[in-house]
Amino acid sequence: MKFMSKPEQPPVPTTPPAGGGDSVVLERKTLRTQPPQMHQVLMLNDDFTPMEFVVWALQEFFSKDRESATQIMLKIHLDGRGVCGVYTPDVASTKVDQVSQAARASGHPLQCVSEPIE
């Protein structure tokens, strides 16, 4: 696995000293990177997907224990949607795809979406 280190900014030359010498002073500027914006993965309620399948999906794809998965499933059922987890954009997109593919393969219309956290 290759890890990326912080990109180094090339030294920026400053103006030469007033004495007319040919020396140059270099200053190093550090770059500040922002962490990626996090996304929450939501499951949406429908009247056709069995509750047991939703609990299974939460356990399988979001590593929830049975009790947590049941609580999230009930929130989805009662409120119309529930947060399954918070991830970076790429991981959230992968989770949405995994749940959607498993639901389609099982013949369920379960919808899973990802949205940025503000």
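**Salt bridges**

I started with Lys-75 and Asp-79, whose side chains meet in a salt bridge at 2.6 Å, N to O. This is a predicted model, so I read every distance here as computed. Both residues sit in helix 2, 4 residues apart, which is about one turn of the helix. I looked up the accessibility of Lys-75 too: 43% relative accessible area, so partly exposed.

How many salt bridges does the structure hold? I get 3.

Next on my list was Glu-115 with Arg-81, again a side-chain salt bridge, 3.0 Å from N to O. This pair links distant parts of the chain, with Glu-115 in strand 5 and Arg-81 in strand 4, 34 residues apart. Glu-115 comes out at 26% relative accessible area, so I noted it as partly exposed. Arg-81 is at 39%, so partly exposed as well.

Then I checked Arg-66 and Glu-52, whose side chains form a salt bridge at 3.0 Å, N to O. Arg-66 has 44% relative accessibility, so I filed it under partly exposed.

A reminder to myself: side chains of opposite charge can pair when their charged atoms come close.

**Strand pairing**

I moved on to strand 3. Is strand 3 largely enclosed or open? I found 5 of its 6 residues buried, so the rest of the structure largely encloses it.

Which strands pair with strand 3? Strand 4 does, in the antiparallel sense over 6 bridges. Strand 5, residues 111-116, also pairs with strand 3 in the antiparallel sense over 6 bridges. Leu-42 has Val-83 as its bridge partner in strand 4, and Val-41 has Ser-114 in strand 5.

**Gly-82**

Gly-82 lies in strand 4, residues 81-87. Buried or exposed? At 2% relative accessibility it has to be called buried, because the cut-off is under 20%.

I then listed its contacts, skipping neighbours within four places in sequence: Val-41, Leu-42, Met-43 and Ile-76. I also checked a C-alpha distance, from Gly-82 to Asn-45, and got 8.4 Å for two residues 37 apart along the chain.

**The core**

Which residues have the most contacts inside the largest nonpolar core? The core has 22 residues, and the answer is Val-41, Met-43, Val-54, Leu-58, Phe-62, Val-99 and Leu-110. The elements giving two or more residues to it are strand 3 (39-44), helix 1 (51-62), helix 2 (66-79), strand 4 and helix 3 (89-106). Helix 1 supplies the largest share, 7 residues.

Leaving out neighbours within four places in sequence, I find Phe-62 in contact with Val-41, Met-43, Ala-57, Cys-84, Tyr-87, Lys-95 and Val-99. Val-41, Met-43 and Val-99 are also on the list of residues with the most contacts inside the core. Val-41 and Met-43 turned up among the contacts of Gly-82 as well.

General background for this page: in soluble globular proteins, nonpolar side chains tend to be buried together.

Key: Residues numbered from 1 in each chain as written. Predicted model: local features only at pLDDT ≥ 70, side-chain atom pairs only at ≥ 80, totals over all residues. Heavy atoms only, no water. Buried < 20%, exposed > 50% of the residue type's maximum accessible area, 1.4 Å probe, protein only. Contact = heavy atoms within 4.5 Å. Core = buried A, V, L, I, M, F, W, Y, C linked by side-chain atoms within 4.5 Å. Pairing = 2+ DSSP bridges. Salt bridge = Lys/Arg side-chain N within 4 Å of Asp/Glu carboxyl O.
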